[in-house]
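Here are my notes for your read-through. Keep the structure open beside them.

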Amino acid sequence: MMTRRRLAWLSVLLLALVPARADRRQDPAEDPEERAERLEMGRRTFTENCLICHGPEMIVQQRLTPAQWKAEVTKMVDWGAPLPADETDRLLDYLNATHPAGAAPGPPIPVRGREARASFQRPAPPRPSADQVDRGGPLFAQHCSTCHGPTARGGDLGQNLVLNRALLDETAFVAVVREGRHRMPGFSLVLDDRQVDAILAWLRARPIDAK
Amino acid sequence: MQPQDRSGPGPGPNRRAFLAGTAASASLVQAAVSSVSAADDPDAMILRSSRPLDLETPIHQLDSYLTPIDRLFVRSHLGAPAVELLSWTVELGGDVRSPKVWTLDDLAGFKQTTVTAVLQCSGNGRAFFRPSMPGIGWVGGAVANAEWTGVRLRDLLESAGIGPDAAHLHFLGADLPPHVKTPVFLRSLARDRVFRDEVILATLVNGEPIPGPNGGPVRLIVPGWYANHWMKWVRRITAAPTMADGFYMQTAYRIPKTPVGPGVDVKPEDLDYVSAMNVKSLITSPRRDSTTKAGRVEIRGVAWTGGDARVTRVDVAIGDAGPWKEAELIGPDRPFAWRTWRYVADLGKTGPVVVRSRAADSTGQVQPEATPWNKSGYLWNAIDRIGIEVIG
């Protein structure tokens, strides 16, 4: 249900994210429904792959030429973005259609500074118990390492988890592991709460350098 | 965080679902204020990225000598690490007689120094370059002036005994990259820069512990140089014979010695490393696009420069063709910090009015009409220009 407050910031984001319509490239021969579907596919690729590692604002605030978008996407893939090769074209179509060079920049997005920093004011979580850490390691290896890498520093589909701030919010961490996120599946049928806590403990205890 | 969201920005029927999903996945968007009140909210910052957190300070919030901690801009490539999970240590190794591992208590035991210095992102003002380029479109608020307190690097290095061949110090922070293929934010500084009196490893800003988003508990301070050198979340220092390799030292933060236009390749030997800041000013009052009553209006701002140069004068002009009139430099005059300035203008005519500011420094540098284009959008320092509405 949309509260008035949520509606207020939704409208702010909406304004910030809508690009100048006049500059979108149109292929007169393309059926409008096909075009809409093509761009929708690109949008999903964007959400499922790009938003794994970072928020959308940095991307949607750009206004780039096709060559510049291609260079940025190539750089991201080189740096580990799990973008499937056969989805690259649809992603570029989407980025070029919605954030092209010459389009008007969106208005700046205001946020309350105090609330933006609120997550840094939380107390440190308790030190994980040795027992939890010992149980968590093999569980991570079995269920998580395929995507996140054997030392949890990022792999084929998952990002680095060592010193990741997501580890500081137990409730949110458990929810993501249970329900999944972007290209991560949910593990609610595979892992119980005690096992998820053990994995969290093991991750929290990872040393900064891989041994 | 939210379960799988199957939507994204742009056209399509799921924009609302996307906004909800994305907003929740970046929970700080709860902090967004409605567009109506945003303009007046004293706590409002400009969101450049939710993750990693990048915040720009609205320029009118820079209208004081020291930038309050709550108004410090925030920027990193890789995002703040979960510093809460670490018992913080700073290691010193490489070509040193006695490698060290210091806790925060150990660092506090050294003599403490306070330096007032401008921290500015090298991309501050990138939004003004034409043609535009990828990167964060800061308009001017990726800058702050603050008092930084900590230990001189020289004292730390001398306590360990650095070898005669150690021409460079490498700095590594605790911000781990999101993937093993993403480059780490490893950078280096030449020994003679690091040995300068004002280069410190700081734990306090304006007398308070440096906040996590701004590099706390420990960050490097390199007064007079751009923020890419001011390593955040410092955990390891290594004395070495050569500069650091890697993307964030050898590819990023390079600028052609002679400006070239878009599409022109430049050989590495023709690239400088971004280092000392250039001369720059910002008008902090009146606020951009604000309304003011006709009559005598106090125009205020800040001005700074880089390296060992000092701001020598600031001029203000009313209108794009108006004559330059000297402003008054007021407030403290400290090396590496900015100056605050004021100019009282007689704005008699109602309607739209342009106000411009132009700073000059002791090396003869003067702010240009437009900074030479470079493909990364660094070093923008053009004359500041605001529009206001004068009413009767």
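1. Start with Trp230(B). It is buried, at 1% relative accessible area; buried means under 20%, exposed over 50%, partly exposed in between, with a 1.4 Å probe and protein chains only. This is a predicted model: local features need pLDDT of at least 70, side-chain atom pairs count only at pLDDT 80 or more, and totals for chains, interfaces and linings use all residues. Residues are numbered from 1 along each chain as its sequence is written, chains are lettered from A and ligands numbered from 1 in the order written, and side-chain values use heavy atoms, leaving out hydrogens and water.

2. Which ring pairs with Trp230(B)? Trp148(B) does, edge-to-face, at 5.5 Å centre to centre and 75° between the planes. Rings of Phe, Tyr and Trp (its six-membered ring) pair if their centres lie within 6.5 Å; planes under 30 degrees apart are stacked, over 60 edge-to-face, the rest tilted. Trp148(B) is also buried, at 1% relative accessibility.

3. Trp148(B) lies in strand E6 of chain B, and Trp230(B) in the loop between strands E11 and E12 of chain B, so the pair ties together parts 82 residues apart in sequence. Strands (E) are DSSP runs of at least two residues, helices (H or I) of at least four, numbered from the N terminus.

4. Is E6(B) enclosed or open? 9 of its 10 residues are buried, so the strand is largely enclosed by the rest of the structure.

5. E6(B) has antiparallel neighbours. 9 bridges join E5(B) to E6(B), and 5 bridges join E6(B) to E9(B). Strands pair if DSSP finds at least two bridges between them. Thr113(B) stands opposite Gly150(B); Arg152(B) has Ile200(B) as its bridge partner.
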